[in-house]
Amino acid sequence: RWIAAAAMIVLAGLVLLFGLRQQYDSPPADLSPMGSGGSVPDALAPGLAGSLVSNGRTTLEHAMGTVFALAERDVIAIAETRGRFGVHSFDITRRRSTGPLAPHEQALLAALFDERHPEQTPLSGARNRVMRRLRRFGAAVQQELAAAGLLDMDRKRVRDRYIRVGIVLLILAGLSVPIAGFFVRRFAGWP
């Protein structure tokens with residue numbers, strides 16, 4: 001009975017996994033560039049390229065890459081200051097931008113500069129604010145990648161669904177272990 005029950009659980013799990021996978025239409029086997037498809041990612045901003053390389057996930061490193069790209073374009077300035085006991089610190093100053101900014105850059109500037117720090121902020125404080133608002137920056141990055149045709153939303157939905165099902169199954173497994181412990185005396189290690 002225990003072997004049959006285990007086989008049924010494995011079979012049900014496989015059916016669930018294949019059922020989740022069936023809702024995704026795989027891309028065509030011919031992956032040659034199309035005329036109207038997305039652009040070549042060579043000229044992507046660091047935050048977008050980093051997220052693309054990380055399978056669509058956005059991290060603090062991608063945001064910091066965007067900070068340095070903005071500094072290179074003179075949208076912000078990063079200045080080193082010496083504090084007490086010769087400790088180096090860095091301040092980020094917002095400059096007036098003449099060119100248009102991408103949505104992910106606007107989201108990052110909104111995270112860097114707030115009501116308390118409208119024009120200048122220490123880098124350490126800016127890092128903490130970016131970490132708290134990383135989700136907004138990531139959403140802007142996702143939208144830009146999708147608009148450029150570099151992100152397959154169907155694949156992302158399937159991946160997110162697998163992650164949710166995996167979390168639910170881990171929780172169920174964690175809850176079932178103590179329950180199975182009650183049956184160990186009677187059925188040994190089968191539960």
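The side chains of Arg96 and Glu119 meet in a salt bridge, at 3.4 Å from N to O; the term denotes a side-chain nitrogen of Lys or Arg within 4 Å of a carboxyl oxygen of Asp or Glu. This pair links distant parts of the chain, 23 residues apart. The model is predicted: local features need pLDDT of at least 70 and side-chain atom pairs count only at pLDDT 80 or more, while totals for chains, interfaces and linings use all residues. Residues are numbered from 1 along each chain as its sequence is written, and side-chain values use heavy atoms, with hydrogens and water left out.

**Salt bridges**

- Side chains of opposite charge can pair when their charged atoms come close.
- The count of salt bridges comes to five.
- Arg96 lies in the loop between strand S2 (88-94) and helix H4 (103-112), and Glu119 in the loop between H4 and strand S3 (120-122); helices (H or I, at least four residues) and strands (E, at least two) are DSSP runs, numbered from the N terminus.
- Arg96 counts as exposed because its relative accessibility is 66%, whereas Glu119, with a relative accessible area of 33%, is partly exposed. Buried means under 20% relative accessible area, exposed over 50%, and partly exposed in between (1.4 Å probe, protein chains only).
- Lys156 and Asp160 form a salt bridge at 2.9 Å, N to O. Both residues lie in helix H7, four residues apart, about one turn of the helix.
- Arg159 and Asp160 also meet through their side chains, in a salt bridge of 4.0 Å, N to O. Salt bridges that share partners join Lys156, Arg159 and Asp160 into one network.

**Nonpolar surface patch**

- Leu16, Ile163, Ile167, Val168, Leu169, Ile171, Leu172 and Leu175 make a nonpolar surface patch of about 720 Å². Patches are made of residues with over 30% relative accessible area and no salt bridge, like charges being joined within 9 Å and nonpolar side chains (Val, Leu, Ile, Met, Phe, Trp, Tyr) within 5 Å. Accessible areas come from the Shrake-Rupley method with a 1.4 Å probe, and for residues only the protein chains shown count as cover.
- Helix H7 (residues 153-181) gives the most to the patch, with seven residues.
- Ile167 is found in helix H7 and counts as partly exposed because its relative accessibility is 46%.

**Helix packing**

- Two packed helices are described by the angle between their axes and the distance between the axes.
- The axes of helix H1 (residues 2-21) and H7 come within 10 Å and cross at roughly 155°, which means that H1 is roughly antiparallel to H7. Axes are lines fitted to C-alpha atoms, for helices over the stretch in contact, and angles run from 0 to 180 degrees between N-to-C directions.
- Angles under 35 degrees count as roughly parallel, over 145 as roughly antiparallel, 65 to 115 as roughly perpendicular and the rest as oblique.
- The axes of H4 and helix H5 (residues 123-132) come within 8 Å and cross at roughly 120°, so H4 is oblique to H5.

**Backbone at Asp74**

- Asp74 has a positive phi of about 70° although it is not a glycine.
- Asp74 is placed in the loop between helix H3 (60-72) and strand S1 (76-82), and its relative accessible area of 41% makes Asp74 partly exposed.
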